[in-house]
Amino acid sequence: MACVPGEKEIEGIAEKVSGMNNKKDKIDALLRRNTTGQLDGVDFDDLNAAISRRLDEAQQRKIPATKFIKVLKAAAVTAAAAAVFIIVMVSSTEKKGSATVAFINPSERAQVQVNIAERDINRGKSTVKIIDSGTARKQQGNIRPNWLIISKAESESTKNGADRDARDIACLF
Amino acid sequence: MKEAQKVKISDVERLVEASSRGNRGAFDELVELYQKRAMQVALAILSNVDEAAEAVQAGFVKAYLSIEKLREPERFEIWLLRIISNTAISQRKAARRRAEAAKAADCRRQEKSSFSPAQTADSEELREAVRRAMLKLSKKEAKAITLFGLDDLSQEQVAEIMGCSVGAVKWHVFRARKKLKVLLRKYLE
């Protein structure tokens, strides 16, 4: 059953709420009185002069700081430009590798020469198949890498010999 | 002395825009317009004229150095009061140390004095009591009750200055009042 407060209880609650509000108002009034009382004693001309002095000091500090920031910005731009220049120089002097394939006779066997950084590191005669992998890049005018499949016929003894696995690995590398 | 309330918003906007372009004279005018308001906030938080003056000076310097970052000149007052209240709040640590030293000195003085607390200067005692009570509140409670006490600031503006919701502001004010009711009960009777 719902409990309905009686008239006396309502009066009691109202008194309690009013008491709470009264206390709340008293606190606010006390704080306000305290602030107003102190505010009345403040010399605002003095305060204004003190703020003005502090602003003068801050302004003097601000000018060298602004100059310093400008110098810092210029140094950062110079450093960035130098970095770009170095990267361009390094990449333009980089030695690229190449592979040249020459057909010596009408058979499918070709002379294969792998040249990396202007040093011949391998030569041999193998069956060569060239897969053109760069039609799109070709149109862009860029250097286009092609895949070369180099295969070499092996004799039965080599194919099935004891060292065949070692040979296969050597081929892979 | 001019006061903020008597100046048109458009004038304030003009002064803020000029200040952000480096016009020092315009900023000096803003100082003149808002220094009382700033002092009111700092005093309510620190309850000490010297410390409040220090907070106001430091606050105005911070405002001057960063006014070019203020994107909405019409919100200058809110922005400034946020800076001032934050500066005053950050000074509370030093203020608390000084209050503890002052309390110890008071105890020694009262032991020697033949006067009862009631006979000492009322306003001075109240000021010190409020100061100590305010230092016992959390930063948010102190800020909320201070800004809430400024008549012409709406609850929404207080929330904006504090960077929280209106509900949160009300909660901090409620907590602050509850603490102050206990801490200042002697002065509420």
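Helices (H or I, at least four residues) and strands (E, at least two) are DSSP runs, numbered from the N terminus. The model is predicted: local features need pLDDT of at least 70 and side-chain atom pairs count only at pLDDT 80 or more, whereas totals for chains, interfaces and linings use all residues. Residues are numbered from 1 along each chain as its sequence is written, while chains are lettered from A and ligands numbered from 1 in the order in which they are written.

Just after α8(B), B:Gly163 adopts a positive phi of about 70°.

Elsewhere in chain B, B:Arg75 is located in the loop between α3 and α4. B:Arg75 counts as partly exposed because it has 16 C-beta neighbours inside 10 Å. The C-alpha atoms of B:Arg75 and B:Glu13 are 8.6 Å apart, although the two residues are separated by 62 residues in sequence.

Between the chains, 32 residues of chain B are in contact with 26 residues of chain A, a contact being two residues whose C-beta atoms, placed from the backbone, lie within 7 Å. On the side of chain B that touches chain A, at least two residues each come from α2 (24-46), α3 (49-66), α6 (122-136), α9 and α10 (185-188) of chain B. The most is given by α2(B), with 10 residues. By class, this side of chain B has 19 nonpolar, six polar and seven charged residues.

Chain A has five helices and four strands, in the order α-α-β-β-β-α-β-α-α from the N terminus on. Of its 173 residues, 5% are buried. The average pLDDT (the predictor's confidence in each residue, from 0 to 100) of chain A is 68, and 38% of the residues score at least 70. Confidence in chain A is highest in helix α2 (residues 44-93), at 84, and lowest in helix α3 (residues 135-140), at a mean of 51. Over residues 169-173 of chain A the pLDDT is below 50, and this stretch has zero contacts in the model beyond near neighbours in sequence. Where pLDDT is low, the predicted coordinates should not be read in detail.

Terms used: Ala, Val, Leu, Ile, Met, Phe, Trp, Tyr, Cys and Pro count as nonpolar, Asp, Glu, Lys and Arg as charged, and the others, Gly among them, as polar. A residue is buried if 20 or more other C-beta atoms lie within 10 Å of its own, exposed if 12 or fewer, and partly exposed in between; C-beta atoms are placed from the backbone.
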